[in-house]
Amino acid sequence: MGSKDGPEDERPQHQVTLDGFWMDKYEMTNGQFAKFAKATGYKTVAELPPDPKKYPDAPKEKLVPFSAVFCGCESDLKNPLDWWKFTPGADWRHPEGPKSTIEGKENYPVVHIAWEDASAYAKWAGKRLPTEAEWEYAARGGLDRKEYVWGDAKQGQDGKWYANTFQGKFPSKDTGADGFVGLAPIGKFPANGFGLHDMAGNAWEWCQDWYQPDYYNKSPEKNPKGPAEGFEEFPGEGSCRVRRGGSFLCADEYCRRYLPSSRDKNPPDSAANHTGFRCVKDGK
C-alpha cells in the first residue's frame, strides 16, 4: 500500500493484510440513489441550508442550499477557488446548477454527495463504505505496486484510454480526447483485474476513514481502519475524511490523483460535482 516516491502522505510504502470483502462493481448511480431518496425521503447535505452555528460569520445570502460546481477558466493553477463556483441549487438532482437535470442520466455516477450522504445510503442498503486500505487493494485489481490501476501504460498511448480524466489545458478546456467532457456513464472504461470499473477517474469516492497525513507511519498491518480522528486542513471547516480515485478533473499537468496510491481528503459535509461513492460488504 502507498508509494515509494509519491507525496509524503503516501509514504512509507507498506504491507497490509485484509479480510475478504465484496465491492460494488460500479460507482453509485443517479438511478440507485433516487430509489434511496424516494424510499426514505432523505435530503443530502447540498439540499439543506448550512448550519448558521457552524458558519457564524457567513452572510445570510450564503446560508442557502448549495454545492460546488467546476467552471472552466483561465488560471495560473495556484488558486483552486478560481475554478470552483459556489452554486445555490446545485445538488445530486441538479449537478450543474438549479436549471440542470439528471433526466436520462440514471446510469451516471451520482455526485454532490457528502460523506454523510454516502454513509447514510450505505447503512440503508445494508452495506458500508470501504476502508482506505480496502479501496486501494480493490483499485489495484491484483497488480503489485504498479503506477496505474491498469498497469504501466500511460493514458492515451496508441489511442487507448483507461479512465475518464482531463485532457487539454487545465482548467480552461477539457478536449474530451478520452471520449467524455465531464462525467461519463458507469462502465465505459475497461474494468480492472477484479472486474471493477472506474476505480480511476470519473468521480471521487468516499472512504470510511478519517484522514491524517502521517497515518501510514503507524497504521496496523492487519485490517487498518484509519486514525481515531481526522486532520483539519483549514480551521473551522472540520476534520477530513478520505476520498480516493480521482475524477474527470484529474489532469496530468496539475493533479494525478487518479493513481491507486493517491490520497485525498475533504470535510464530511463537503460536496461537489465530481464526488460520489461506492459501497462494500463484508465477506462471509
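Predicted model: local features only at pLDDT ≥ 70, side-chain atom pairs only at ≥ 80, totals over all residues.
Local features need pLDDT of at least 70, side-chain atom pairs count only at pLDDT 80 or more, and totals for chains, interfaces and linings use all residues. Residues are numbered from 1 along each chain as its sequence is written, and side-chain values use heavy atoms, with hydrogens and water left out.

**View 1. Side chains of strand β7.** Strand β7 covers residues 241-244, a strand being a DSSP run of E with at least two residues, numbered from the N terminus. Arg 241 and Arg 243 point one way, while Val 242 and Arg 244 point the other way, and all are buried, meaning under 20% relative accessible area with a 1.4 Å probe and protein chains only. In a regular strand the side chains alternate between the two faces of the sheet.

**View 2. The partners of strand β7.** Two strands pair if DSSP finds at least two bridges between them. Strand β6 (residues 204-210) runs antiparallel to β7 and is joined to it by three bridges, with Trp 206 standing opposite Arg 243. Three bridges also join β7 to the antiparallel strand β8 (residues 264-266), where Asn 266 is the bridge partner of Arg 241.

**View 3. The largest cavity.** A cavity is a set of points on a 1 Å grid over the protein atoms alone where a 1.4 Å probe fits but cannot get out, and lining residues have an atom within 4 Å of a point. The largest cavity holds about 70 Å³ of space, a volume being the space filled by probe spheres set on points joined across faces, edges and corners. Its lining includes Trp 150, Tyr 162 and Asp 198.

Notes
Buried < 20%, exposed > 50% of the residue type's maximum accessible area, 1.4 Å probe, protein only. Helix = DSSP H or I, 4+ residues; strand = E, 2+ residues; numbered from the N terminus. 1 Å grid on protein atoms, 1.4 Å probe; cavity = no way out; pocket = protein on both sides within 12 Å on 5 of 7 lines; lining within 4 Å.
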